[in-house]
Amino acid sequence: MAIRQLSETLINQIAAGEVIERPASAAKELIENALDAGATRIEIATAGGGKALLRVSDNGSGMDAADLELAVRRHCTSKISETLEDIRTLGFRGEALPSIGSVARLSIASRRRDSAGGHEIAVAGGKIAHMRPAAANPGTIVEVRDLFFATPARLKFLKTEKAEAGAITEIVKRMAIAFPAVRFVLSGSDRTTLEFPATGDDHLARMAQVLGKEFRDNAIALDAVREEISLTGFAGVPTFNRGNSAHQYAFVNGRPVQDKLILSAIRGAYAETIPSGRHPVAVLSITLDPALVDVNVHPAKSDVRFRDPGLVRGLIVGAIREALARDGSRAATTGASDMLRSFRPGFQPNSQRPQTAWSAETSPSRPYQPTTGFGERPQASFDGLSMPSARAEPQFSPQPAEPEPNARYPLGAARAQIHANYIVAQTEDGLVIVDQHAAHERLVFEAMRKALHSKRLASQVLLIPEIIDIPEEDCDRLMQHAAELSELGLAIERFGPGAIAVRETPAMLGEVDAHGLIRQLADEIAEWDTASGLSAKLEYVAATMACHGSVRSGRRLRPEEMNALLREMEVTPGSGQCNHGRPTYIELKLSDIERLFGRS
């Protein structure tokens, strides 16, 4: 079969298959063009989930007739010249507009600020119409209709209009977080209007617009630098988590990305702090020299490749863990809201009330008869206890220092123990309820974790070294991390070109499947250039040991023991949640309590 040159229209349709996967892909490309043009106001309108209509209007720099004619031709761009080493714009490939025009009906109207009038050009199924003058405000309006009409097979793979509209909304949210100084408006016949007013340099205010105002109260600021890479953003406290990872946003030099390495680093940073099946909320912005990152990995530009992935991963994990250690001990503010809702009496309209016979025992108007918790008999055991003050010292401190007269204790003073498991403490402006087992479990785990990282871990010498055959390149990677693994109690040596001899294993792990461990570490190093898996295994064992060695539920504590536990929680990183990610305490402000009784 003879080789022949494909037509320009077919070439653009092939490119569109990679660049424009769905309406959200087209929206992303058009919004990026508007941002690169310096727009401070971007309006997006959709119909039919973006399949029938997608319009993006901006007040950017605009284009003249010559630029418009080139804009719809393949590989024409103003954003790069001769190299891909210094990409500082969101777009650079010059494929988006011709790709859209090859599979849809595309029209672009634009006008420069210094121009007396504008121009419009149209492309339908790859055919370019003649340029014509048009009345237009400064900026650009790009309108896409009947997306994929020229490639009907692609339409069959699109989801429902609601799902496609939701994907566009997610794109707009990511762009809005990345550019807080830009006002975004998303509207259309298939949705309710969504508006994000500009917040200038206040990134947290923009994040609150997108993620909800609760994020502002539960976010910890990140600001770290390692070598030539800086990391800023906000990470949610561990108890402020979600059911999926959709609330994790990452940006590299201002570009929204969905990179596996970054998402994996976020998971690693929150290890042992979030329950299984739950995901943290985080917004990370990485800034580095463009030469140190490759953004030309995929036409959609959502993936990136770092020159030193281990450095980036280490920066993310270290920064988040440091922030959690510094300010992550507090519980999420949403815990109090959930608690208040559980306190409020349930109300059912007459139409929804169950039709059952009336009885004195079940009537909502029956006299209150306490049976557990706060009745006279259950509380009698506290009569002989003196009410402790917040000046109580940890009882296991060898020489407790005298606290300052005006010292403030965020967790207050213990006032009671409920059901031999929950400590009720009074603070300056409310009360705190502490799960004594979960709290002490976290304290023990943090003490063990500190011991793990303060010295070389104890190891057990194998009577007969384990010889493990693996590829030579995996051997090379493992030996580069031999010193690091030795500090964790795993001693390895090279045993020929394609084998590793394991002579010692961490004592804490007990009986170890050395073959499985070595292969897992080799795979991890090959992908991330780091051997954090062994450290994670050791921390998991430490968490299990801490759980079994903590104050058990059902044990009655003396007032001084309860206060000692509170004081230790205040100075221990991550004490706001146990090793399994559950909250260790819930705080109720006095205003919340008064609201329960209708006093505010």
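How many bridges join β13 to strand β16, and which way do the two strands run? I will come to that in a moment, after a word on the model.

This is a predicted model, in which local features need pLDDT of at least 70 and side-chain atom pairs count only at pLDDT 80 or more, while totals for chains, interfaces and linings use all residues. Residues are numbered from 1 along each chain as its sequence is written, and side-chain values use heavy atoms, with hydrogens and water left out.

Now the answer. Five bridges join β13 to β16, residues 282-287, and the two strands run parallel. Strands here are DSSP runs of E with at least two residues, helices are runs of H or I with at least four, and both are numbered from the N terminus. Two strands pair if DSSP finds at least two bridges between them. Within this pair, Q248 stands opposite A282 in β16.

On to the other partner of interest, β14. Three bridges join β13 to β14, and these strands run antiparallel. V252 has R255 of β14 as its bridge partner. The two strands form a hairpin with two residues between them. N253 has a positive phi of about 55° although it is not a glycine. For background, most residues other than glycine have a negative phi. N253 counts as partly exposed, at 33% relative accessibility. The scale is this: buried means under 20% relative accessible area, exposed means over 50%, and partly exposed is in between, with a 1.4 Å probe and protein chains only.

How much of β13 itself is buried? Five of its five residues are. In a regular strand the side chains alternate between the two faces of the sheet. In β13, Q248, A250 and V252 lie on one side, Y249 and F251 lie on the other, and all of them are buried.

There is another positive phi to report. F148, not a glycine either, has a phi of about 70°. F148 sits in the loop between β7 (139-145) and α5 (152-155). Is F148 buried or exposed? F148 is buried, with a relative accessible area of 1%.

Next, a sheet further along the chain. Four strands form an open sheet in the order β19-β20-β21-β25, with antiparallel pairing. β19 (413-418) and β25 stand at the edges with a single partner strand each, so one side of each has no neighbour in the sheet. From one strand to the next, the twist averages 20°. Angles run from 0 to 180 degrees between N-to-C directions, and axes are lines fitted to C-alpha atoms, for helices over the stretch in contact. Helix α18 packs on the sheet and touches β19, β20, β21 and β25, its direction making about 120° with that of β19. Contact means heavy atoms within 4.5 Å. Inside the sheet, six bridges join β20 (residues 422-427) to β21 (residues 430-435). A425 stands opposite V432 in β21.

Between α18 (559-571) and β25 (585-589) there is a loop, and Q577 is in it. Q577 is buried, with a relative accessible area of 1%. Its C-alpha atom is separated by 9.3 Å from that of V237, 340 residues apart along the chain.

Now a helix pair. The axes of α9 (residues 260-269) and α10 (residues 309-327) come within 9 Å and cross at roughly 35°. On the α9 side, the contact residues include L261, I262 and A265. On the α10 side, they include V312, I316 and I320. The residues of this contact divide into eleven nonpolar, two polar and two charged. Nonpolar covers Ala, Val, Leu, Ile, Met, Phe, Trp, Tyr, Cys and Pro, charged covers Asp, Glu, Lys and Arg, and the others, Gly among them, count as polar.

T169 is buried, with a relative accessible area of 15%. Leaving aside neighbours within four places in sequence, T169 is in contact with L186, R191 and L194.

Last, the whole chain. The protein has 19 helices and 25 strands. Buried residues make up 45% of its 600 residues. Of the contacts with a separation of 6 or more, 70% are between residues 24 or more positions apart.
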